[in-house]
Amino acid sequence: MSKFLGAGLPGLLAMTCVIGGCYGEIQGDKAGSPTVPGPGGSVEGLPEGQTVQTAQTALPRSGLRRLTQEQYKSSVTDLLGDNLDLSLSLPADQVAEEGFEFISVGASQVTTSGLGVQQYDAFARALADQVFADVTHREAFVGCTSAALSDDCVTSFLQRFGRSAFRRPLSDEELARYRQLVNQGQLQFDVWRGLQVATTAFLNSPNFLYRVEVGFAAPQLAATYRLDDFEVATRLSYLLWNTTPDGQLLDAAAAGQLAQLDGLRQAAMRLLDAPRAEAPLVQFFSEWLGFKNLDQLPKDPLAFPAYTDTLRVAMRQQFERTIAGDFLRGNRSLMEIFSTRDTYVNFELAKLYGLPGITGSEFVRVTFPSDGPRVGLLTLAGLLAANSRATMTSPTLRGRFISERLLCRPIAPPPPNVKTSLPPPPADGHIETMRERLTRHATDPACAGCHRQMDPFGLALEHFDGVGVYRELDQGQPINTSGELDGVAFDGAIGLGALLAGDPRVASCVGRNLARHAWGQAEGSDENWIFDILSQRFAGSGYSFKALVLDLVTHDSFRFSGGPR
């Protein structure tokens, strides 16, 4: 300890990694861990007290999840206050190569390098510097003026801030350790500097940087763990608000209210009804349906000269406004996402869609013509652009999107050494349509199986070019958009959308993706029973997405797990 004291402030700050535990482990003695409750404490579908674990009642595993960059910044803002400089670098979020995996799933898999530890430390120090450099800010933050800064005030601050930062009460041992930091700072500088160092240590701790969802063994259920109430509060808050639990939610956890389904539902409804739930839920849709990275989507300017930086931003915003306005605030049936002609456009999008009379960069609500080609999600320019190549359309990409993201029907990767690019044009100079090129490509037996699963869906969207502009012809030839879904014929985007709107696999896929996001992991084959229940309730609610969220967070798979992963 003395080597740190002799090193001045840098040495004292280095103590935050020793006492705050930035190289240590998550605390295992969760303060305030409740006992397993009686009511609502058995896995759904099993009698109270049954101890036989079967494949039918398999539950997802749980563990640690590092805060995403967005969660880190929103959490420190809620903990420390607004008007902070958050521009320093943070360790990157883990994203799958094709951007198809939720960031929340990556957060369960990511590791933090030595450089990442240094980045978190630099950010923590910078934030604490900003808070304590301003007298008014620091007094409001700590809760005492300089004249009234007593031992009781310091202890009260450490308990209050520690509970918010760690998302659970501090243990007596932890409180003593952070009290020691304040004392050391007071001996060398003053009590404010000690509080600053303690604050830095809290932000450096893995108890802050990682979401703890470990739980404890539920004695009446074999091979089952129950998340404690503070872990449930954490999971709920980051799902719906993307930030650390507020005081009211932590109080509910401390009172044991989240152990009961009624209390958990009331807490979830409060968060879900708040305006700040909108952005995290829209982000879920953006990641699920591939709109999140639309701003960076490149296109060949020679092939698509109208595709500008502002247009692709507008494409993403159109989708987000439609989800927020119609399916969150408006609470329309989510299956109407395939049939609605209502949307939001600015002048650039209106020009692309051929809608007259729209001026300015502000978005306005419009309704596509009832006899026009635009209906629902499948005809949004952003979706069509995101699932096209830089120079042309791609029925294969579009079909894979529909199969994997809307039907949850995975497509196997191509066999090794198979050419995935389309064959060159015929040597005799014959001009082929996209359907003809794909048909020739699929004559290769190694390619035919997968293309039969994808291409018919994508070919239904061929009336829309690589940025979503409607067209009648491809290479001067009429476009054939007919196809089949499990033996049922359809024609074009409108026909395919109508089939998807009534397909129970789509409703199930919504719940499956929401669960992946909430759990922070892909589901196992033994967990289909969960999605059967969720899809039934989803249909019973008239496909209300808000109702699906409430059903998921009150389902046992949100509060119980099959053990640490």
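**Helices α23 and α24**

I began with how α23 and α24 cross, and the crossing is right-handed (left-handed is when the near helix is turned anticlockwise from the far one by less than a right angle, right-handed when clockwise). I noted that this is a predicted model, where local features need pLDDT of at least 70, side-chain atom pairs count only at pLDDT 80 or more, and totals for chains, interfaces and linings use all residues. Residues are numbered from 1 along each chain as its sequence is written, and side-chain values use heavy atoms, with hydrogens and water left out.

The axes of α23 (residues 528-540) and α24 (residues 545-553) come within 9 Å and cross at roughly 145°. Axes here are lines fitted to C-alpha atoms, for helices over the stretch in contact, with angles from 0 to 180 degrees between N-to-C directions. Helices (H or I, at least four residues) and strands (E, at least two) are DSSP runs numbered from the N terminus.

I listed who touches whom: L534, R537 and F538 on α23, with F545, L548, D551 and L552 on α24. Contact means heavy atoms within 4.5 Å.

**Helix α9**

Next I checked α9 (residues 191-204): its 14 residues should span 20 Å at 1.5 Å a residue, and the end C-alpha atoms are 20 Å apart, which agrees. The expected span is 1.5 Å times one less than the number of residues.

I found 13 of its 14 residues buried, so α9 is largely enclosed by the rest of the structure. Buried means under 20% relative accessible area, exposed over 50%, partly exposed in between (1.4 Å probe, protein chains only).

D190 caps the N-terminal end of α9, with a side-chain oxygen 3.1 Å from the backbone nitrogen of W192.

I also looked up T200, which sits in α9 and is buried at 1% relative accessibility. T200 and F123 are 77 residues apart in sequence, yet their C-alpha atoms are 9.0 Å apart.

**M454**

I found M454 in helix α20 (residues 445-459), buried with a relative accessible area of 7%. Its C-alpha lies 4.2 Å from that of G399, 55 residues away along the chain. Beyond neighbours within four places in sequence, M454 contacts P395, T396, G399, R400 and I411.

**T481**

My last stop was T481, in the loop between β8 (477-478) and β9 (482-485). T481 is buried, at 5% relative accessible area. Leaving aside neighbours within four places in sequence, its contacts include R435, H463 and F490.

Terms used. Polar contact = N/O pair within 3.5 Å; in protein donor to acceptor, adjacent residues only side chain to side chain.
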